[in-house]
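The following exercises treat the geometry of a single protein chain. Each task is followed by a solution in steps.

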Amino acid sequence: MIRETFETRQLVAFVAVVREGGFTRAARTLGLTQSAVSHALRALEEDAGCKLLLTVGKQPRLTEAGEELYGAATRILDEMSAVRLGLGERGQWGRGRLRVGASAAACQFLLPDILREFTQCFPDCNISLEVADSPASLERLRLREIDIALVLGPEVPEGCRFQPLFADEVRFLVSPRHPWAVRGRAVLSELPSQTLILHGKRSRTFQLVVEYFRSENINLGNPLEVGSTEAIKELAKLGLGVALLPPWIAQREIKEGSLVDLPLGRRKLRRQWGLATLASRQLHLAEETFVGLCEGVCSNLALRLEAQSATERVSN
């Protein structure tokens, strides 16, 4: 009778015989007798219902079926070994890994404070940071290439959960010499004649901007797509176009007067930031700590944005 699965000890013996090139060396490596290894191989072949090894001289050779099983067995055993190692590390305080996906802007303006505090809590945790726009980060999360994605939501793929952190507002950023800056307001009827500077078409911000102006029956023409937030700001400072960014990303430039921020119109374009994780898995301690730190930093940012918004409403 063929079983649905093979016994692990039989697969270990089989792989050892092939890797070591013989029963004697395999038995020595495994700390078993040669007869025990031979017995495990015979039992495995009985379970498989076919011959896996042929002895040519003193050297065992894989049959076609043996080659197929050997490839599968090595992958399975290597994965089990990796999982065992990972679980062992998680049992030690501060060890393990954290894989985060986030946009370049989030990496520059949000994550430094978060990661600085995180590394103080978990100095031995292996952190990897994947820089990508929200759609790409969500796809990496779905493929389990990262553990947490700091993204623009609230829409996330099926099987993922989204935890809101804070909301911001996309506005026009222009040079102080731009006619709109001189007037103190944007003129939407002039928008088709302006060079708009945006993140690439695949970004969530680009999608939101297009949807916003489509609802206003305004054609954006051919925006200038730039992959770097810093480059977008520099082009706007030089008067080469009108940038669309949230002001908190350009606080320094606005304060020094090299950029002026203006609302898009009476209706605001708001973005929702949050953390996306797989719904099917429970967060471990390091991940939960990272989430808590994100909540703290983003809560402080949300309070500052709300205060700025209140000040603007009073001044208007």
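Two strands are taken as paired if DSSP finds at least two bridges between them. The model examined here is predicted.

**Exercise 1. A hairpin**

Determine how strands S1 and S2 are joined, and identify the bridge partner of Leu 53 in S2.

Step 1. Strand S1 comprises residues 53-56 and strand S2 residues 59-62; four bridges join them. The pairing requirement is at least two bridges, so S1 and S2, with four, are paired.

Step 2. The two strands run antiparallel. Within this arrangement, Leu 53 has Leu 62 as its bridge partner in S2.

Step 3. The hairpin has two residues between its strands, and Gly 57 there adopts a positive phi near 70°.

**Exercise 2. Backbone exceptions**

Locate Arg 144 and Asn 217, give their phi values, and classify their accessibility. Then describe the peptide bond from Gly 153 to Pro 154.

Step 1. As a reference, most residues other than glycine have a negative phi, and most peptide bonds are trans.

Step 2. Arg 144 is not a glycine, yet its phi is positive, at about 65°. This residue belongs to the loop between helix H7 (134-142) and S5. Its relative accessible area is 48%, so Arg 144 is partly exposed.

Step 3. Asn 217 likewise has a positive phi, near 60°. Its position is in the loop between helix H9 (204-215) and strand S8 (224-225). The limit for an exposed residue is over 50%; Asn 217, at 73% relative accessibility, therefore counts as exposed.

Step 4. The bond from Gly 153 to Pro 154 is cis, with omega near 5°. Pro 154 lies in the loop between strand S5 (148-153) and strand S6 (160-174).

**Exercise 3. Two packed helices**

Describe the packing of helices H1 and H3.

Step 1. Two packed helices are described by the angle between their axes and the distance between the axes.

Step 2. H1 (residues 8-20) packs against H3 (residues 34-48) at an angle of about 110°, with the axes 9 Å apart. Angles of 65 to 115 degrees count as roughly perpendicular, so H1 is roughly perpendicular to H3.

Step 3. The crossing of H1 and H3 is left-handed. Residues of H1 at the contact include Leu 11, Phe 14 and Val 17; those of H3 include Val 37, Leu 41 and Leu 44.

Methods:
Residues are numbered from 1 along each chain as its sequence is written. This is a predicted model: local features need pLDDT of at least 70, side-chain atom pairs count only at pLDDT 80 or more; totals for chains, interfaces and linings use all residues. Side-chain values use heavy atoms; hydrogens and water are left out. Buried means under 20% relative accessible area, exposed over 50%, partly exposed in between (1.4 Å probe, protein chains only). Axes are lines fitted to C-alpha atoms, for helices over the stretch in contact, and angles run from 0 to 180 degrees between N-to-C directions. Angles under 35 degrees count as roughly parallel, over 145 as roughly antiparallel, 65 to 115 as roughly perpendicular and the rest as oblique. A crossing is left-handed if the near helix is turned anticlockwise from the far one by less than a right angle, and right-handed if clockwise. Contact means heavy atoms within 4.5 Å.
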